[in-house]
Amino acid sequence: CIRDSSGETVEEPDYSKTIIFSSDDFREPGHLLQLVTIPPRTRQRLHLHKQQTEVFYILEGQALISLAGQDIVAWPGDAFVCSPGDEHSLWNQSEEAFRLVVFKINMPEADDSVWLEEGVS
C-alpha cells in the first residue's frame, strides 16, 4: 500500500495526530500508524490502553515520557514499547514541538484508551 501525505489530522487540547496508515491500509486488522505532535510547554494526560500495544519512535524534540512508572527523557532516535495496561504520558517542557511516530498494534475497533486525568496541565 502506498499512501500520500494527506492523512486525516485530529486536534486535541494536549496533542495532535495525523494518520499515516489507517487500519484499512493494512492486510491484518488492528494496526494504525500515526504522527503525534505534543505542542511546546504541554503535557499529555496520563492514560493507558486496555488491549493495544504502542511503539513510539521519536523524530524531533525532547520530552519526558512517563511509561509504566518510569520517567525517561526521550530524544530523536529513541524508541519505546508501551504494552497494554502501561500508564503513560508525554510532557514537552521545551519551546519546540515534540514529534513521534506511533505504531498501534492489536487496536480494537472501539477506542480502548482510558484517560486517568482530566484536562490539560
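Visitor: Leaving aside neighbours within four places in sequence, which residues is Trp-91 in contact with?
Guide: Contact here means heavy atoms within 4.5 Å. This is a predicted model, where local features need pLDDT of at least 70, side-chain atom pairs count only at pLDDT 80 or more, and totals for chains, interfaces and linings use all residues. Residues are numbered from 1 along each chain as its sequence is written, and side-chain values use heavy atoms, with hydrogens and water left out. With neighbours up to four places away set aside, the partners of Trp-91 are Thr-42, Arg-43, Ala-63 and Leu-64.

Visitor: Where does Trp-91 lie?
Guide: Strands are DSSP runs of E with at least two residues, helices are runs of H or I with at least four, and both are numbered from the N terminus. By that rule, Trp-91 belongs to strand β10.

Visitor: Is Trp-91 buried, exposed or partly exposed?
Guide: Buried means under 20% relative accessible area, exposed means over 50%, and partly exposed is in between, using a 1.4 Å probe and protein chains only. Trp-91 has 38% relative accessibility, so it counts as partly exposed.

Visitor: How far apart are the C-alpha atoms of Ala-63 and Pro-29?
Guide: Along the chain these two are 34 residues apart.

Visitor: What is the phi of Asn-106?
Guide: Most residues other than glycine have a negative phi. Asn-106 is not a glycine, but its phi is positive, at about 60°.

Visitor: Arg-41 has a positive phi too; is that residue buried or exposed?
Guide: Phi of Arg-41 is near 55°, and the residue sits in the loop between β3 and β4 (42-43). With a relative accessibility of 51%, Arg-41 counts as exposed.

Visitor: Over to Val-102: what is its relative accessible area?
Guide: Val-102 is in strand β11. It touches Leu-32, Leu-33, Gln-34, Val-36, Glu-54, Val-55 and Phe-56, not counting residues up to four places away in sequence. Val-102 is buried, with a relative accessible area of 3%.

Visitor: Which residues are closest to the centre of the largest pocket?
Guide: A quick word on terms: on a 1 Å grid over the protein atoms alone, a pocket is an open set of points where a 1.4 Å probe fits, with protein on both sides within 12 Å along at least five of seven lines, and lining residues have an atom within 4 Å of a point. The largest pocket has a volume of about 530 Å³, the space filled by probe spheres set on grid points joined across faces, edges and corners. Of its 32 lining residues, the closest to the centre are Lys-17, Leu-32, Lys-104, Met-107 and Asp-111.

Visitor: How do the residues of that lining divide?
Guide: Ala, Val, Leu, Ile, Met, Phe, Trp, Tyr, Cys and Pro count as nonpolar, Asp, Glu, Lys and Arg as charged, and the others, Gly among them, as polar. Strands that each supply at least two lining residues include β2 (15-21) and β11 (98-105). The lining divides into 14 nonpolar, nine polar and nine charged.

Visitor: What is the radius of gyration of the chain?
Guide: It is taken over C-alpha atoms, and the globule rule is 2.2 Å times the number of residues to the power 0.38. For 121 residues, a compact globule would come out near 14 Å, and the chain agrees, with 14 Å.
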